[in-house]
Amino acid sequence: MRMLNDVCFPCIEMPLRCFLTSRPHDQRLSSRPDGTIFCSRNPEAWEEWLMLRGDGPHANEVKLISRSHQTLLVMKPDGYTTACSEQSMPEDYDPLWKIRRSADGGFSLSSVHHGRYLSFKGSRQWNIEFQTGELCFISNPHYDKRVKCGMSGSLEMTHNWKGWEVFRFIEAGDGDVRITSWTHKEKVLCADQEGHVLTTENLLGDWGKWRVESAPDGAHGVVIKSVSHGTYLSSCGERLYASPQFEHKASTWHLESAHSQNYFISCAAHDKRISTSDSSPFTSPNRGAREEWKVGVVEMMGEDNLITLKNCTHGKFLTSNEDGFVCMADHVGPDQVWKARHSPHGGIFMISNSYNRCLACNDDGHLYTVPFEDHQGTWETWSLEPKMPHTFSKEQKKKWILTGSLIAASAMMVPLGVVGIIGAMGFTAEGIAAGSVAAGMMSAEAIAAGGGVLAGGTVATLQSIGAVGLGLAGTSVAMGAGAVIGATTAGIVCAVAGEEHFDADYINNGPKPSEKRPFCNWRVW
């Protein structure tokens, strides 16, 4: 066996969030608590919509849910729209929408059952401004510094690995991305024609598009190139600039997952995390330092989906024996390797690779293992919650100052929904699980791409890892090739956009050039 230290799990925000903006009027679709639908110039929570892919025969359509009010955007038979809960929705209201890309780059949204288009002041053209993506640190290896975005949008280089150093890579289509601050989400990284690197609040501006590629000339890392100007994001160690040519030390970057592969491991049946002393693991209601675990990937001949769990405080590995006893070990060996398997209860099973016994937690919080073939319930189901860096935004700081609790409140603030491990995301051997994180990711990538899911894109790559014959041990191959295994291909192409706008090659293979994703796995591209 060997550890695959170059392979890591991406840190991806879910559920998918977006603004729907009327193109001619620059106003965003919004809703009130009473269900009234209107448009506003505000970029606030009332204007944010969660986009979920439909189930079964409606897998090519989406549902839109108000983030603030948790109500569905629906169309009535008379063509008017409203927002309501699924429980109170009349049978003739339609919550399903088909999204098509227009020739001018915008999108139209039409009711699946009523065939009417969502429109505002006579226009049915919309921009879809995604607010979610893959979260990474942007690190310069020569200076060992990260890019930091301050509250005002100022950019600098710092030695920290905190929330202000985390950036969101949002799919923009055609292999391009937009890069925004994770904490200060309205700040978009851009470069001007004079070589200045700055932030803007215009998410759809041309200067805010970037392309991430492997660094040339044998440099170990990636380059981040301005699509508009062809310049390279670079740093002298103190400030950022855009260079017209590749500068080996200044223009080479490492992209690292925002969670640094650290997780809290929670039992699905109980609100408790796995914790440990120096020698004995136990469960705890806390999410502190002793509850943090680093997930590693293991390669063994003929085995897939193998991981190790290393406690971040004590530096020891979770292990078990043939009698079901769970303890800690100083080093990695066969008994410290666990198989990750998808659980139908909403998480993963963690099975001892040596003894085929599943990790479990009873009502008293006691940890033990049981034979996997006989026990596959909620006591044996675990969720892995990414441990995100400490952060706070300008709005949070204002609120805390008013309440006099800035220092206490700044301990931990995490934006909505981050997912970080494949087994819990819905990438299964049977394909992409309906209603899962994977399904939402597929919708996002398909819309950004204009109809297809990229052959080398995030969804195709992660699905190949979860498919039969290519588990975590094959991750390094999948990350480089973006392979799609067998019958799963049909499940991840042509997700939401109107396929009549694209030829067969585009539908099957996606736009070119192919994207290399996830960004955190640039080492194995």
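This is a predicted model: local features need pLDDT of at least 70, side-chain atom pairs count only at pLDDT 80 or more; totals for chains, interfaces and linings use all residues.
1. Residues are numbered from 1 along each chain as its sequence is written, and side-chain values use heavy atoms, with hydrogens and water left out.

2. As to the overall make-up, the protein chain comes to six helices and 39 strands, these being DSSP runs numbered from the N terminus (helices H or I of at least four residues, strands E of at least two). Of its 525 residues, 58% count as buried. Among contacts (heavy atoms within 4.5 Å) between residues at least 6 apart in sequence, 55% join residues at least 24 apart. The chain exposes about 21100 Å², of which carbon and sulfur atoms supply 50%; the areas come from the Shrake-Rupley method with a 1.4 Å probe, and for residues only the protein chains shown count as cover.

3. Strand E19 pairs in the antiparallel sense with strand E18 (residues 188-191) over four bridges, where pairing requires that DSSP finds at least two bridges between two strands. Within this pairing, Ala 191 stands opposite Val 197 in E19. The hairpin of E18 and E19 has five residues between the strands, and Gly 195 takes a positive phi near 95° there.

4. Strand E6 is mostly covered, four of its five residues being buried. Strand E3 (residues 17-22) pairs with E6 in the antiparallel sense over two bridges, and Cys 18 stands opposite Trp 49 in E6. E6 and E7 also run antiparallel, joined by five bridges, and in E7 the bridge partner of Trp 49 is Ser 66.

5. The count of salt bridges comes to 17, a salt bridge being a side-chain nitrogen of Lys or Arg within 4 Å of a carboxyl oxygen of Asp or Glu. One of them joins Arg 28 to Glu 129, with the closest N and O atoms 3.2 Å apart. This pair links distant parts of the chain, since Arg 28 lies in strand E4 (residues 27-31) and Glu 129 in strand E12 (residues 126-130), 101 residues apart. Both Arg 28 and Glu 129 are buried. The charged end of Arg 28 also sits over the ring of Phe 19, 4.8 Å from its centre, under the criterion that NZ of Lys or CZ of Arg is within 6 Å of the ring centre and within 35 degrees of the ring normal. Arg 32 likewise lies over the face of Phe 38, at 4.0 Å from the ring centre.

6. A further salt bridge, at 2.8 Å from N to O, brings together the side chains of Arg 67 and Glu 48. Arg 67 lies in the loop between strand E7 (62-66) and strand E8 (72-75), and Glu 48 in the loop between strand E5 (37-40) and strand E6 (49-53), 19 residues apart. Arg 67 counts as partly exposed because its relative accessibility is 27%, while Glu 48, at 0%, counts as buried.

7. The side chains of Lys 316 and Asp 278 meet in a salt bridge of 3.0 Å, N to O. Lys 316 is buried, with a relative accessible area of 16%, whereas Asp 278, at 42%, is partly exposed. Elsewhere, salt bridges that share partners join Arg 17, Glu 48, Arg 67 and Lys 185 into one network.

8. The whole structure holds four aromatic pairs, defined for rings of Phe, Tyr and Trp (its six-membered ring) whose centres lie within 6.5 Å, with planes under 30 degrees apart counted as stacked, over 60 as edge-to-face and the rest as tilted. Among them, Phe 137 and Trp 161 form an edge-to-face pair, 5.0 Å centre to centre with 80° between the planes. Phe 137 lies in strand E13 (residues 134-140), and Trp 161 in the loop between strand E15 (155-158) and strand E16 (166-173), 24 residues apart. Phe 137 counts as buried at 1% relative accessibility, and Trp 161 as partly exposed at 40%.

Methods:
Buried means under 20% relative accessible area, exposed over 50%, partly exposed in between (1.4 Å probe, protein chains only).
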